[in-house]
Amino acid sequence: MQAPGGLELHYQPQVDLATGRLHGVEALARWRHQGLGAIPPTRFIPLAEECGLMGAMGRWTLDQACRQLAQWRRDGLALPAVSVNLSTSNFHNLELPVMVEQTLACRGLQPSDLVLELTESILLDNRGSALQTVERLHAMGVRLSMDDFGTGYSSLSYLRRLPVTELKLDQSFVADLEHAPTARALSAAILGIGNSLGLTVVAEGVETDAQKDILQAQGYRVAQGFRFARPMPPGELPDWMAQQGMTAAGA
Ligand code: G
Ligand code: MN
């Protein structure tokens, strides 16, 4: 599948704090424009949305991330899963589950190899198609992760309606952990919610040792952020893993 001009995926490791192993990698879109340089996702995603390009972008991202995971595994890397960010409009497409199934089959992957990140905004639309799509994906065995958890406007009741298996603690909480007792209390509370619902909670945007230590003391198992690695081009991941002592398949 051809990449929309200048679009590429970088990958950021998610680290299991207890074992030091990889929990997975998150695929993050980057757009390099010939004249304008690097354009941040906060700018090009709304643009793509406006231009009706999100369908094409979602398809490309999904295929690209799956292709890359399969390639890394052929290269002998032990990578449990890849997380892909899809937009709310992608989840409104009732053909998404079939597309995911075909992509996984085409790349020789299992549904459990894929995590789809969504935001609670998928429930703001009451057409019901997003919920249907999400339920079908869940039934197929694809895992769903709630991104930016703790920052939205809706009530917690959406956790009862969406079959997610993972919450991602928003990086704004992590940024304040060292200095704001409220942020610490909220991150502990969010882990409590996750634990009591049997969900994995991933702390995002971990930049410092102090943040990592606080999260670990609170019982967080998985963290992601510059403290461990920046999002990197796929060619750099094998070296990063080797430096961390994460080399052989199944290790
Ligand atoms: O929406 P989502 O949470 O998936 O976006 C994650 C964004 O945060 C990515 O664009 C990624 O590059 C960025 N990011 C990843 N790790 C860190 C970090 O440790 N600090 C900051 N400030 N940003 C990060
Ligand atoms: Mn994300």
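Strands here are DSSP runs (E) of at least two residues, helices are runs (H or I) of at least four, and both are numbered from the N terminus. A cavity is a set of points on a 1 Å grid over the protein atoms alone where a 1.4 Å probe fits but cannot get out, while a pocket is an open set with protein on both sides within 12 Å along at least five of seven lines; lining residues have an atom within 4 Å of a point. The model is predicted, with local features needing pLDDT of at least 70 and side-chain atom pairs counting only at pLDDT 80 or more, whereas totals for chains, interfaces and linings use all residues. Residues are numbered from 1 along each chain as its sequence is written, chains are lettered from A and ligands numbered from 1 in written order, and side-chain values use heavy atoms, without hydrogens or water.

As for the cavity, β2 and β4 (82-85) each supply at least two residues of the largest one's lining. β2 gives the most, with three residues. The lining includes Gln14, His23 and Glu166.

Next comes the largest pocket, lined by 37 residues, with Glu26, Leu28, Pro41, Asn85 and Asp147 nearest its centre. Among the elements giving two or more residues to this lining are β1 (7-16), β2 (22-33) and α1 (41-50).

Then there's Gln12, found in strand β1. Gln12 is buried at 8% relative accessible area (buried means under 20%, exposed over 50%, partly exposed in between, with a 1.4 Å probe and protein chains only). Looking beyond neighbours within four places in sequence, Gln12 is in contact (heavy atoms within 4.5 Å) with residues including Gly24, Phe226 and Pro231.
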